[in-house]
Amino acid sequence: MRGGLASRLAQVIPTVILVSLLVFSLQQLMPGDPAAILAGEERGDPAVLAQIRTELYLDRSFPVQYLHWAGRALHGDLGYSWRTHQTVSSLIASKLPVTAQLALMAFAFALAIGVPAGVICAVKRDTAWDWLANGIGLAGLSTPNFWLGIMLILIVSVQLGWLPPSGYVPLAEDWRQSLATTVMPAFVLGNAIAAVLMRHTRSAMLTALDQDYVRTARAKGVGELAVILRHALRNALVPVITLAALELGTLLSGAVLTEQVFSIPGFGKLIVDAVFNRDYPVVQGVVLVTALLYVLLNLIADILYVLINPRLRVA
Amino acid sequence: MKGSPGLLAWRRFVKRRAALVGLIVIAIFIAAAILAPLISPYDPVATSWTLVRKAPSLAHPMGTDENGRDVLARVIFGARASLLAGVVAVAIAAGIGVPFGLLAGFAGGVPDIAISRVIDAMLACPFLILAIALAAFLGPALTNAMIAIGLSAAPIFARVARGAAMDAATNEYVEAARALGNPPWRVAVRHVLPNIVPPLMVQATLAIASAIIAEASLSFLGLGQQPPLPSWGSMLNAAQRFLTQAPWLAIFPGVAIFLVVLSFNLVGDGLRDALDPRAR
């Protein structure tokens with residue numbers, strides 16, 4: 001295991017370097033001269049342009065620019081927003097808790113819907129229940145989540161008037177209002193992941209129900225419900241939980257659109273606003289942080305997988 | 001031809017009724033997209049100030065939008081943007097991903113390590129966020145959205161091709177082809193590539209579904225098809241402002257996306273079962 005973990009860690013480093021290179025290269029695709037965009041009204045003045053180029057290392061070669069940028073990024077300095085002149089890291093730090101709240105609630109929805117549905121599918125394999133749940137799952141995967149959000153607003157907020165259609169109240173300010181503003185977007189985000197979790201749970205449960213220890217438990221007279229929940233599900237959940245961690249990417253992609261639909265000032269709204277304001281340092285910073293979060297979570301999932309599953313510990 | 005693998009796979013595919021229904025729905029949408037100028041009841045960009053936000057009626061079965069344009073006409077023409085984006089983006093993704101995946105899986109060693117690390121790095125950026133960032137740097141346009149989606153989906157194809165190529169490379173006929181003195185590129189293209197086509201077809205069908213959602217998402221954000229040309233995503237964006245007064249604007253484009261994406265998913269699942277009889 002020691003060796004396995006070390007080689008896993010050794011894999012992460014080149015990935016992180018490549019991710020940063022990729023994110024930095026995005027800038028090269030940009031049409032026009034960044035210095036001219038930054039200079040605004042003064043773009044006609046060559047002295048101003050030259051000063052901006054020197055400050056931002058834009059007059060240096062690509063490798064020098066990259067090393068300069070990466071070196072500062074290592075110290076948590078992702079530069080300044082061209083728009084608001086706040087630091088990119090402070091912008092990200094202020095938006096991250098909002099999206100984290102949404103993400104946690106979405107995962108709660110996904111687990112609460114996906115795992116029981118998957119268990120029922122596996123236990124009632126090839127019955128009408130199995131087909132129905134699979135059908136709903138496939139429909140969930142085929143619905144663009146921004147459209148689901150719009151439909152929920154239409155029905156729950158516009159027609160029924162039960163929940164506010166948009167906006168966000170922080171948890172610390174008023175937790176009831178906060179939940180009221182986030183429950184719909186969290187459901188929208190969670191439903192796509194619920195469908196994936198259902199499929200994983202179904203196949204993991206089918207495998208687990210086939211195992212010798214399940215037959216042993218049944219043979220010694222353990223009730224069917226206890227067999228399913230205590231013996232099969234417990235073992236089936238290990239891969240499901242680690243696979244759930246990999247859905248973070250889906251969640252962050254989904255957050256971009258969901259936050260737009262519900263006007264929630266989170267991580268996703270930050271990148272969309274930055275894209276429209278041509279605020280490239282913010283776009284780069286957000287993509288870099290998302291990718292690093294994803295790599296880190298992947299690593300944690302891998303380690304957890306080994307820690308939870310004793311059979312892998314010796315290998 | 002009676003017992004050919006292709007025919008057997010087709011028979012297994014047809015047996016899955018859901019997949020067949022999916023295929024028919026896709027055919028209808030493709031026909032609508034191609035024949036749009038012939039079957040559309042109105043001009044999709046013709047505005048009319050006397051017809052602003054009229055509810056569905058016999059004359060306008062899906063109602064009219066905020067500029068008095070016929071929604072049905074826009075949904076029909078919108079199929080062009082969605083299907084084109086789905087197919088072109090996946091062609092770009094496969095065109096870039098498959099050669100690299102084939103090289104990595106077949107050559108092994110240093111090329112494999114290098115390509116695999118790049119795949120990992122690209123997969124670490126969530127698909128849609130990468131596509132949004134690319135579309136942002138390339139500038140908002142339908143073509144750029146297709147390129148952005150295609151580039152973002154390329155690593156998935158590379159990974160599938162790599163895995164399948166590694167599998168196929170262990171076959172005895174590949175060993176035999178190599179022993180006969182065929183150059184490596186010939187072995188890869190003539191003997192390994194045909195064997196990785198089935199998993200790639202499944203991947204491509206499912207990827208078209210994701211690409212159509214991605215195009216709708218980018219257009220919804222304003223990074224895809226530009227107005228006044230119709231796209232389902234941008235129609236939904238406009239619809240959001242009139243949810244109370246004109247809910248039909250938000251319903252029909254969404255149903256269209258849902259039907260097309262669901263159909264591609266059904267066909268993809270059906271293909272997987274038909275091409276790999278061992279699964280399930």
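Axes are lines fitted to C-alpha atoms, for helices over the stretch in contact, and angles run from 0 to 180 degrees between N-to-C directions. The model is predicted, so that local features need pLDDT of at least 70 and side-chain atom pairs count only at pLDDT 80 or more, while totals for chains, interfaces and linings use all residues. Residues are numbered from 1 along each chain as its sequence is written, chains are lettered from A and ligands numbered from 1 in the order in which they are written, and side-chain values use heavy atoms, with hydrogens and water left out.

**View 1. Helices H11 and H12 of chain A.** Helix H11 (residues 248-261) of chain A and helix H12 (residues 267-276) of chain A cross at roughly 75 degrees, and their axes come within 7 Å. H11(A) and H12(A) are therefore roughly perpendicular to each other (angles under 35 degrees count as roughly parallel, over 145 as roughly antiparallel, 65 to 115 as roughly perpendicular and the rest as oblique). On the H11(A) side the contact (heavy atoms within 4.5 Å) is made by Leu252(A), Ala255(A), Val256(A), Glu259(A) and Gln260(A). H12(A) contributes Phe267(A), Gly268(A), Lys269(A), Ile271(A) and Val272(A). By class, 6 of these residues are nonpolar, 2 polar and 2 charged; Ala, Val, Leu, Ile, Met, Phe, Trp, Tyr, Cys and Pro count as nonpolar, Asp, Glu, Lys and Arg as charged, and the others, Gly among them, as polar.

**View 2. Overall make-up of the two chains.** Chain A has 13 helices and 0 strands, and its C-alpha trace spans about 85 × 60 × 35 Å along its principal axes. Chain B has 11 helices and 0 strands, and the C-alpha trace of chain B spans about 75 × 50 × 30 Å along its principal axes. Helices (H or I, at least four residues) and strands (E, at least two) are DSSP runs, numbered from the N terminus.

**View 3. Helices H10 and H11 of chain B.** Helix H10 (residues 232-239) of chain B packs with helix H11 (residues 248-275) of chain B at an angle of about 150 degrees, their axes being 8 Å apart. That makes H10(B) roughly antiparallel to H11(B). The crossing of H10(B) past H11(B) is left-handed (a crossing is left-handed if the near helix is turned anticlockwise from the far one by less than a right angle, and right-handed if clockwise). From H10(B), the residues in contact are Trp232(B), Met235(B), Leu236(B) and Ala239(B). From H11(B) they are Leu249(B), Ala250(B), Pro253(B), Gly254(B), Ala256(B), Ile257(B) and Val260(B). This set divides into 10 nonpolar, 1 polar and no charged residues.

**View 4. The interface between chain B and chain A.** The contact takes 41 residues from chain B and 44 residues from chain A. About 3800 Å² is buried between chain B and chain A, and carbon and sulfur atoms give 81% of that area; buried area is the accessible area (1.4 Å probe) that two parts lose on being put together, summed over both. Arg117(B), Ile129(B) and Phe137(B) lose the most area in chain B, together 20% of what that side buries. Between the chains the count is 1 salt bridge (a side-chain nitrogen of Lys or Arg within 4 Å of a carboxyl oxygen of Asp or Glu). Asp269(B) forms a salt bridge with Arg199(A), and the closest N and O atoms are 3.4 Å apart.

**View 5. Helix H6 of chain A against H11 of chain B.** Helix H6 (residues 128-142) of chain A and H11(B) pack at an angle of about 125 degrees, with 8 Å between their axes. H6(A) and H11(B) are therefore oblique to each other, and their crossing is right-handed. H6(A) makes the contact through Leu138(A), Ala139(A), Leu141(A) and Ser142(A). H11(B) makes it through Phe258(B), Val261(B), Leu262(B), Asn265(B), Leu266(B) and Asp269(B). The classes are 7 nonpolar, 2 polar and 1 charged.

**View 6. Two backbone details in loops.** Pro227(B) and Pro228(B) are joined by a cis peptide bond, with omega about 5 degrees. Pro228(B) is in the loop between helix H9 (184-221) and H10 of chain B. Asp126(A), a residue other than glycine, has a positive phi near 60 degrees. Asp126(A) is placed in the loop between helix H5 (88-123) and H6 of chain A.
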